[in-house]
Amino acid sequence: MQLLDGTSCSKEIREEIKKDVNSIVARGERPPHLAAVLVGNDGASQNYVAFKVKDCKEVGFDSTTIRLDETITEKELLNKIEELNHDEKIDGFIVQLPLPKHINENNVILAINSKKDVDGFCPENVGNLVLGLPTYISATPNGIMELLRRNKIETEGKHCVVLGRSNIVGTPIAVLMSRNTAPGNATVTMAHSRTKNLKELCLSADILIVAIGKTEFVKADMVKLGAVVIDVGQTRVPDSSKKTGFRNVGDVDFGNVKDKCSYITYVTGGVGPMTRASLLQNTLKAHQRR
Ligand code: NAP
């Protein structure tokens, strides 16, 4: 079994980005600038945004965090997005999800200018992804593809089973893995909560990508010997032995599954750091596209 190391792979990507930023600044241009809109006080969302700001600083990007009160109306948030759409100093921005229940997330995603949509969530960017046109591929699926590419994992002709059909992970990774690219050219099955015979399906997977948000759902008896397993899941569970009071648990029972795999990711140091590096790649792209 070999661990697919997202930490070292993401470091490599950040080093490449740093070099590009140095060249941009040496040409006398301003560095790429990412803005993050954070609504309310959700602990996990605050952490994610703090990481994004730290990442920007590390590679030499400018960053701005816009903190908005939990009680902000949808209209006020849409006005803020309109401002960001027209702000010449900002190349790309994200609105950290989830949003408070009184705000319709779809309306927010639809309001973001596709050229600044570095999360790759808006219809134009998703459509371009499906058509294989230049776009911002959303960070997690892009990070998974980079991890496969940089570790030279063979995907052509393989059976790839994707567990989960969310708009931000399951659906785009299924599209990417089935495209005529490398990595890609896999035969993809996308499964969800209504799929029958899930165990048999998973057992037929050469590559198993799991994004369901159910802790340690994939057990050893669901994994084929020699499979490549990518665990996207990341659920916080209380843990009093940790300073933070919680630990992240994946969707795969790593301890028992790992010995059956040729390659596997671990919940920390796997897909998470690759997702963060991909957002930086998209922001650099947004700067280059201006
Ligand atoms: P989501 O929107 O929560 O959707 C979950 C998907 O899993 C749905 O399609 C659901 O099916 C399916 N599902 C749920 N239970 C299932 C079961 N028992 N069998 C088969 N399918 C099942 O998913 P998400 O936003 O993609 O997140 C998934 C996980 O990935 C979460 O733990 C999240 O925290 C993590 N995540 C991690 C990163 C990272 O950077 N590491 C990034 C994004 C997400 P239905 O459609 O039928 O309901």
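A: Strand S2 (residues 33-39) and S4 pair in the parallel sense over four bridges. This is a predicted model: local features need pLDDT of at least 70, side-chain atom pairs count only at pLDDT 80 or more, and totals for chains, interfaces and linings use all residues. Residues are numbered from 1 along each chain as its sequence is written, and side-chain values use heavy atoms, with hydrogens and water left out.

Q: What counts as a strand, and what counts as a pair?

A: Strands of a sheet pair through backbone hydrogen bonds, either parallel or antiparallel. Two strands pair if DSSP finds at least two bridges between them. Strands (E, at least two residues) and helices (H or I, at least four) are DSSP runs, numbered from the N terminus.

Q: Which residue of S4 is the bridge partner of Val37?

A: Val95 is the partner.

Q: What is the order of the strands in this open sheet of three?

A: The order is S3-S2-S4, with parallel pairing. Strand S3 (62-68) and strand S4 (92-95) each have a single partner strand, so one side of each lacks a neighbour in the sheet. The twist averages 15 degrees from one strand to the next.

Q: How do I read a helix pair?

A: Two packed helices are described by the angle between their axes and the distance between the axes. Here, the axes of helix H1 (residues 6-26) and helix H10 (residues 271-289) come within 8 Å and cross at roughly 20 degrees. H1 is therefore roughly parallel to H10 (angles under 35 degrees count as such). Axes are lines fitted to C-alpha atoms, for helices over the stretch in contact, and angles run from 0 to 180 degrees between N-to-C directions.

Q: Which residues make the contact of H1 and H10?

A: Contact means heavy atoms within 4.5 Å. Among them are Ile13 and Ile17 of H1, and Leu280 and Leu284 of H10.

Q: Which residues of H7 are buried?

A: Buried means under 20% relative accessible area (1.4 Å probe, protein chains only). Gly170, Pro172, Ile173, Ala174, Val175, Leu176 and Met177 are buried in H7. These are seven of the nine residues of helix H7 (residues 170-178), so the helix is largely enclosed by the rest of the structure. The buried residues pack against elements including helix H5 (123-131) and strand S5 (159-163).

Notes: Parallel < 35°, antiparallel > 145°, perpendicular 65-115°, else oblique. Buried < 20%, exposed > 50% of the residue type's maximum accessible area, 1.4 Å probe, protein only.
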